[in-house]
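Here are a few exercises to work through with the model open beside you. Try each one before reading its solution.

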Amino acid sequence: MKDDCIFCKIAKGKIPSATIYEDSHFRVLLDVNPASKGHCLIIPKEHFDNIYDLDGETAGKLFSLATCIARAMKDALHCDGLNVVQNNGEIAGQTVMHFHLHLIPRYEGDQVQLTWTPHESDQSELEAICQAIRKAI
């Protein structure tokens, strides 16, 4: 736990939250500034700044939990869809530097905007990117 991290304090129960689920590894809570009704966060109790610091075992447990919570949200909220969002770094919209996963229920006409402008790329550019990433794996 980082002493100055608000999500560490929430994850450990030192700050109250509208908790949906909790186990020894994670806390799932409603976002206090939701994009839509039922928007929740999955927060690991162990501090990781972002996805680059997250270990594979924790990531596997987190996404297994995310599927369970998503199904429960669909049943309970009758949402029309769901966005799974995870931001890394300020440029990508991360405002709390503690890894967390957003589950955002979507409703017809909700006006939540999580889109981008598609860009074209040519085959040689795609292949160069593939090669660079493969080399880094």
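**Exercise 1.** Find the bridge partner of tyrosine 21 in S2, then find the bridge partner of valine 28 in S3.

*Solution.* Start with tyrosine 21: its bridge partner in S2 is valine 28. Strands here are DSSP E runs of at least two residues and helices are H or I runs of at least four, numbered from the N terminus. Next, step over to S3, where valine 28 has isoleucine 42 as its bridge partner. This is a predicted model, where local features need pLDDT of at least 70, side-chain atom pairs count only at pLDDT 80 or more, and totals for chains, interfaces and linings use all residues. Residues are numbered from 1 along each chain as its sequence is written, and side-chain values use heavy atoms, with hydrogens and water left out.

**Exercise 2.** Work out how S2 pairs with S1 and with S3.

*Solution.* Two strands pair if DSSP finds at least two bridges between them. S1 (residues 19-22) runs antiparallel to S2 over three bridges, and a three-residue hairpin joins the two. On to S3: S2 pairs with it over five bridges, again antiparallel.

**Exercise 3.** Which residues does isoleucine 69 contact, beyond its neighbours within four places in sequence?

*Solution.* Look for heavy atoms within 4.5 Å. That gives Tyr21, Val28, Cys40 and Leu103.
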